[in-house]
Amino acid sequence: MSTQDKVKINKLPTGVPGLDEIVGGGLPEFSFNIIAGAPGSGKTTLAHQFVFANATAERPALYFTVLGESAIKMLRYQQQYTFFDPAKLPDAIRFINLSQAVLEKDLGAVLEGIIKEVEKTNPAVVVVDSFRTMVRKPQSDMELQSFIQRLALFLASWQATTFLIGEYAEDELRDNPIFTVADGLFWLRQTPERNSIVRKLQIIKLRGQDSVPGLHTFRITDAGVQAFSRTFGLTGHLKDPPSHRRLCFGIPELDKMLGGGVREGDSVLVAGSSGTGKSVLATQFIAEGIRNGEPGIVAVFEERPQAYAERASTLGLDLETPQKDGKLTILYLRPLDLSVDETMHSILDAVQKIGAKRLVIDSLAGFEMALSPGFRADFRESLDRMIFALTGIGVTILSTVEVDESFTEFPFSTYSISFLTDDIVRLRYVSIDGQLRKIMVVIKMRGGNHAKDIREYEITNKGVVILGKRLTDYQGLISGIPVHSDGSGSKEEPSMDTGIGQST
Amino acid sequence: MKAAPEMRDLAHRLLTYEAGAGKSFEPMGSPTLCVYEKLRKSLCEFVGVAGFQSLATRALTLARSEVVSLSAARVTADGSIQGLGEIETQIDMDKDRAGDGGDILIARLLGLLRIFIGEALTLSLLRSAWPGEVFDDRNSENGRKA
């Protein structure tokens, strides 16, 4: 059978931001779906979003309520969400209560009640909330299976896309016939992790089309449910062809060390201990981008955007104007129970909004702290996904990471993430001639030559300034306690650092 | 506390409409019963019989605080109301309180709906049972927006 002979399944918008990407573009029309999860997991809200996104006066939605939350209370709370459009009631969305039939009659009568309303209304969407309470009365397995089978057949024949909502436990997955009949199975979970609550969504089953596997985080805000795909969408974003462009820091000597700058689309790690100037370097990187017409994003976790911009101004870098001009966004991400996917979503939104070419993550330690404890466990994996996705759309990422200064080793990161980065610039303190001075070295540049020089630098009111030529008179510089090649001591007077950027 | 004036106005419009709709209320016995039954039908579908019965009982209790003679009325298990016809006849004979019993009971019921689901949804529900002209401000006794 050729492609054009195959039936085309229309995909309906779910009305849930981020969920369409997870389900491969939308929910299959006429599918029979289950939304399962514990109380408070967002099942009803998700169903309402779908209903409000799809119901019209011509093809309305029928929302059957059974026992449990009354329609009045449901509407009282649901209308607080921004997606709720009261104008859709009652012509496009009709609420029908089936409690009496469920309480007083058998499943056959309940089915008859549903059939009667569906035939009368010709709905595009049917929701039964909660289906679990509808079938709670004791009945044989065969009776239940027959009811579900007939209900599914009838609703599909009437060209309705259906959601049955139920409070199911995961161990019921194997034996309950409802899960066999369903075309789509959406499982919502909320689990406490230390003091945070993490909500996750899984598409356990979706007939007819691919969906993104795994657990996706979601959040319930005043806009309803918002889902964050763990792979940032099924199709992802097409990777731009590799660019040969080099992005400069605007620090001529450093740019020379980097062979002209970092390659566009690279992930750069700037590692160093506290006060070595990581944030200063990152700020110069973003400011140079703006100077060259490359909009940028700075994701900060340890200080507020205003403070970040003010500190930049002490280096002569104006971050206020580009923010006003839409060339720079400083994102402050610090709610302490973030998932990487949410962070990604915020960053991706900002990237798309201003067409950002450069992104600074300052710092990875702050980023990790902002995450919910459960996500810290797989921080490396999450970071990998994030970097892959962002560099895939051509963004050049510079991340700063604090490393503990050691005089016996030369670590690049406390996260063992150097494999995730294309380029590494290492900053460190070194004891020379009775002074604590700073050196810089380019450790790695994937796909390009770079200088092997160890260079001394200072932080001045112009930012990072590389001094003189490479340090040739000392042995063991990267140990932090070098020895002068001729063994002589320093005769120089002590010099003073400007102190600018020492908070970094 | 008395029934909100806006709800009394809205109730009055519904009752006036039914009273003016010729003999449509006659099988019920009064415009109040006719409005009540239309609300019952519409709301039972929406919130279930038990849900409507609870709301109606609460509305009747609140209305009794304003019209003592409503004490003789009661809401049955299926949500219908008994004893309202007889009370309305008595009230009509009392010139001082003419028509108030029905107005207030309906106003209280509508007031509860407004409290729970808001004015927009309450009006949406009513619009499915009554024609739009009933809610036109020009038909309001005092021009107040419902």
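User: Which strands does helix H13 of chain A lie across?
Analyst: In this predicted model, helix H13 (residues 340-354) of chain A lies across strands S10 (215-221) and S11 of chain A. Its direction makes an angle of about 70° with S10(A).

User: What sheet do S10 and S11 belong to?
Analyst: They belong to an open sheet of 9 strands in chain A, in the order S5-S4-S6-S7-S3-S8-S9-S10-S11, with mixed pairing. The edge strands are S5 (93-97) and S11 (224-228) of chain A, each of which pairs on one side only. From one strand to the next, the twist averages 25°.

User: What does "pairing" refer to in a sheet?
Analyst: Strands of a sheet pair through backbone hydrogen bonds, in either a parallel or an antiparallel manner.

User: Which strands of chain A run parallel to S18?
Analyst: One of them is strand S14 (residues 267-272) of chain A, joined to S18(A) by 6 bridges. Another is strand S17 (residues 358-362) of chain A, joined to S18(A) by 4 bridges. Gly272(A) stands opposite Glu402(A) in S18(A), and Ile361(A) has Ser399(A) as its bridge partner there.

User: How many residues of S18 are buried?
Analyst: Strand S18 (residues 396-402) of chain A is mostly covered, with 6 of its 7 residues buried.

User: What does Val127(A) touch?
Analyst: Leaving aside residues up to four places away in sequence, Val127(A) touches Ala47(A), Val51(A), Ala61(A), Tyr63(A), Phe64(A), Phe163(A) and Ile165(A).

User: How many residues of each chain meet at the contact between A and B?
Analyst: There, 14 residues of chain A are in contact with 15 residues of chain B. On the chain A side, helix H3 (71-78), S5 and helix H4 (99-104) each supply at least two residues. The largest share of that side, 4 residues, comes from H3(A). By class, the chain A side has 8 nonpolar, 5 polar and 1 charged residues.

User: And how is chain B built?
Analyst: Chain B has 4 helices and 2 strands, which follow the order α-α-β-β-α-α from the N terminus. Of its 146 residues, 45% count as buried.

User: How far does helix H1 of chain B reach?
Analyst: Helix H1 (residues 5-20) of chain B has 16 residues and reaches 22 Å from its first C-alpha to its last, close to the 22 Å expected at 1.5 Å a residue. The buried residues of H1(B) pack against H2 and helix H4 (100-127) of chain B. Among those buried residues are Met7(B), Leu10(B), Leu14(B) and Tyr17(B).

User: Last topic: which peptide bonds are cis?
Analyst: Among them are the bond from Leu89(A) to Pro90(A), with omega near 0°, and the bond from Asp362(A) to Ser363(A), with omega near 5°. Pro90(A) lies in the loop between H3 and S5 of chain A, and Ser363(A) is in the loop between S17 and helix H14 (364-370) of chain A.

User: What about phi at Asn122(A)?
Analyst: Asn122(A) has a positive phi of about 55° although it is not a glycine. Most residues other than glycine have a negative phi. Asn122(A) lies in the loop between helix H5 (107-121) and strand S6 (125-129) of chain A.

Note on methods:
Residues are numbered from 1 along each chain as its sequence is written. Chains are lettered from A and ligands numbered from 1 in the order in which they are written. This is a predicted model: local features need pLDDT of at least 70, side-chain atom pairs count only at pLDDT 80 or more; totals for chains, interfaces and linings use all residues. Two residues are in contact if their C-beta atoms, placed from the backbone, lie within 7 Å. Two strands pair if DSSP finds at least two bridges between them. Axes are lines fitted to C-alpha atoms, for helices over the stretch in contact, and angles run from 0 to 180 degrees between N-to-C directions. The expected span of a helix is 1.5 Å times one less than its number of residues. A residue is buried if 20 or more other C-beta atoms lie within 10 Å of its own, exposed if 12 or fewer, and partly exposed in between; C-beta atoms are placed from the backbone. Ala, Val, Leu, Ile, Met, Phe, Trp, Tyr, Cys and Pro count as nonpolar, Asp, Glu, Lys and Arg as charged, and the others, Gly among them, as polar.
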